[in-house]
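Me: Hi! Could we go through this one together, pockets and chain contacts included?

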Amino acid sequence: MGSYLEFKQINKYFPGVHALSDFSLKADSGIVYAIVGENGAGKSTLLKILNGDYLPDSGEFFIDGVQQKFTKPSEAISAGVSVIYQERQIILEMTVAENVFLGDWPCNKAGKVDYERMNKETEEIAKSFGLDIAPDVKVKSLSIALQQMVEVMKAVNRNSKIIAFDEPTASLSGKEIEILFKIIRKLQAEQKVIFYVSHRMDEISQIAQKVVVLKDGKFVAMRDQENVTDDELIRLMVGRPLGSVFQEIQSEREIGEVVLEVKNLTTHSVKDISFSLRRGEILGFAGLVGSGRTEIMQALFGLDHILSGEIIYDGQRYIPSTPTHAIEVGIAMVPEDRKTQGIMPNISVRGNITISILRKLLNKFKSIDVQREEIIAQENIQKLSIKTPDSDKLIAQLSGGNQQKVILARWLVTHPKVLILDEPTKGIDVGAKAEFYRIISECAKNNIAVIVISSELPEVIGLCDRIIVIRNGSISGEVNQTSATEENILKYAMIDLQETK
Amino acid sequence: MVLSTWKNKIKKSDFADKISLIIALIVLVAFFSFFNKNYFSSRNFINILVACSLMGFVAIGETKLIIANLIDLSAGSVAAFATVFSAILVRAGVNPYLSLLLAIGSGCFVGLLNAMLINYLKLQPFIATLAMMSIARGAAYIICGGRAVPIANATFISFGTYRLFRVLPLPVILLILTFLVGGYILKNTFFGRSVYALGGNSYAARLSGLNPEMITLKLYLLSGGLAGFAGALLAARMNSGQPTAAVGLEFDAITAAVLGGAAFTGGVGTILGTFIGMLILQGFNTGLIMLNVQIFWQNVAQGSLLIVALAFDYLRKKERNKKLLTDSMKSING
């Protein structure tokens, strides 16, 4: 008596993006479907349609043969759908039981919440998972992994028929992942329809039976997990190899004199960092998220207090005090999180570009030279081929890749000597990525020293002349482009080499 | 070609942006003029502007604060304090011009405190200025012992009552000048841009080399100073300093700013919008009075006006987004 889910020709549009295009899929119960695809392939749109966050613009979908039209998440929940997000949808100030029963707290006749029943049932679910979680502690006191389990418990408590996981292991350790997998297998045995969105190939091969590949909002293929290789999946996901782009940009670049030298830099988050950077060089920083890569750059940009160490910039001692100071000497930084640190959503493309050089745009009346501002905006819109009808358009109305180009333009107009890019291609599609790689290499050709922080190893390997690997706030290794492989970078990033010696 | 560039210019001008507000204002004037012939007269329009003057100065400060994602709830109390403070100074024989400056200075001082609470104690702007609202109002009562302070100095009184060419009252001239200067600063200067950037994304503003703390400080100095100025002019108009004056003034000012298109999400708003918003608000109130509508209804009307305006704004935005989507669907599929 299994249930099933069927998507028929689903379409979803956003301004400038065809997020899902004629997507069709039939999924049966008792099977774990891995859903893979590049960023922007349409995975999260699919999940959001499933949980009632988005209404598809066309197409239909069915649960057990009954057509569904969710207009809000509560309708999806009552139809038996639970989507468990990477960003946990739990209330930290509430107890485990209150979260497990979130929005559906059992009450007695007088309307008083029945805590006894709630705690008892929560405990039973926890036990069935083999977890030792007390139902009456506040969720904020639990580890991230256990918080995630509370989410799963919530889905089980709702008796969901369809459970989707969005990158569930992103913040879990090996042991915690195993517990999660055990629970997923249990749900599978209970004949649930399970979707598992992930970037991690090794996990997919452990947990999934079918692999669904999405690309540019389209269904590309569904394969049996046993019969498919990682290489084939990647080929299906990417569609065209990025290798040729990298080869093309590597040709003919002259590396000049040293412009930045960092000696034994120590802050509250990193220690003893030393490296040098030359004009025209692209230097990569790899390492796990939270390893301290970003913090090094924040110190260089005057955002973090430096405890000890020395920085020589352009032949002189440089003590960064504020971002204003850093910009003045010629350092630019494109921050990691475009949404919260980069764009000013309610402001025009032009205003977003010129914010970094407003002082230089003042005329003799101390007001902003609007014509010159427009010329600069237009120049950059053309140079970086930013897709926007005009410079007046609000940046929030552009696609992610184009927004990122605007932020890059904001920094290029300062004519930096050192350009720091923190996760420059995060969350943008493959086509825009290739464009970014060309722009970055163009910057290096124009004698800018470029630092690229990235979690995507093929990107650092393909793009950078040298790669410095950070682990636990220190440099754990350095590799040249010629000798760089994903394996040796990961080894430096993850394994404590001192200990193994 | 020339025609089309002109069309473009008009399309992109600030007035075009505010077209629905301007139409609303025209409809409002037509409506009240229809029911009361006296409404449509220069004398009444000047009266409306005089009635605006107190709220208008404060609204300029609030507009900039709202754009920067900040707020000042203490403005009304500061104005009240300034009425009493300037009255006391004038009565003690201080030069009337100096008294006016000191009243502005007292407002700036409260602004400085507001900014320090926000910048250093990291208080929410709402909370910090709520506290200062209470303190400034209390101080206004304390320095006068709770009693109104009469003003006899003719020069000081003339600040509120002098009429240029016997027609245009000084507060109205000052108000319009302040709106022009305030609008110019916001639209064209480095500081104005920083205000939009701070409200648009404070972190991005900081990364771009701006100094959010400094912008915040300047904004509160400005808001406090304007409230102090408005208070002193009010004292001149009333011939006295009154600790009970200007209760809820900041909310009227915020209403005008929001009517004029300033958004509480930050980064959006214009001084021109606030000016029109203020005229609509006061024009409406004056109209209701002239139609002999009971005074309590004014409060109901003011709230309703705000809701109608924002509902209209929401629907317009929704329509615009829908159009944007269909356009992009066409461009993708076509």
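Me: What volume does the second largest pocket have?
Reply: The second largest pocket comes to about 330 Å³. A pocket here is an open set of points on a 1 Å grid over the protein atoms alone, where a 1.4 Å probe fits, with protein on both sides within 12 Å along at least five of seven lines; lining residues have an atom within 4 Å of a point. The volume is the space filled by probe spheres set on the points, which are joined across faces, edges and corners.

Me: And which residues are closest to its centre?
Reply: Of the 17 lining residues, those are B:Leu70, B:Ile118, B:Asn119, B:Ser202 and B:Thr216. Helix 6 (96-119), helix 10 (190-200) and helix 12 (212-238) of chain B each give two or more residues to the lining. Helices are DSSP runs of H or I with at least four residues, strands are E runs of at least two, and both are numbered from the N terminus.

Me: Before I go on, what should I know about the model?
Reply: The model is predicted, with local features needing pLDDT of at least 70 and side-chain atom pairs pLDDT 80 or more, while totals for chains, interfaces and linings use all residues. Residues are numbered from 1 along each chain as written, chains are lettered from A and ligands numbered from 1 in written order, and side-chain values use heavy atoms, without hydrogens and water.

Me: OK, on to the interface. How many residues does each chain bring to the contact?
Reply: Chain A brings 39 and chain B 27, with contact meaning heavy atoms within 4.5 Å.

Me: What area is buried between chain A and chain B?
Reply: About 2800 Å², 60% of it from carbon and sulfur atoms. That is the accessible area (1.4 Å probe) the two parts lose on being put together, summed over both. A:Tyr13, A:Asn346 and A:Ile355 supply 19% of what chain A buries against chain B, more than any other three residues.

Me: How many salt bridges cross that interface?
Reply: One: B:Arg193 pairs with A:Glu373, their closest N and O atoms 2.7 Å apart. The rule wants a side-chain nitrogen of Lys or Arg within 4 Å of a carboxyl oxygen of Asp or Glu.

Me: Which element gives chain A's side the largest share?
Reply: Helix 12 of chain A, with four residues.
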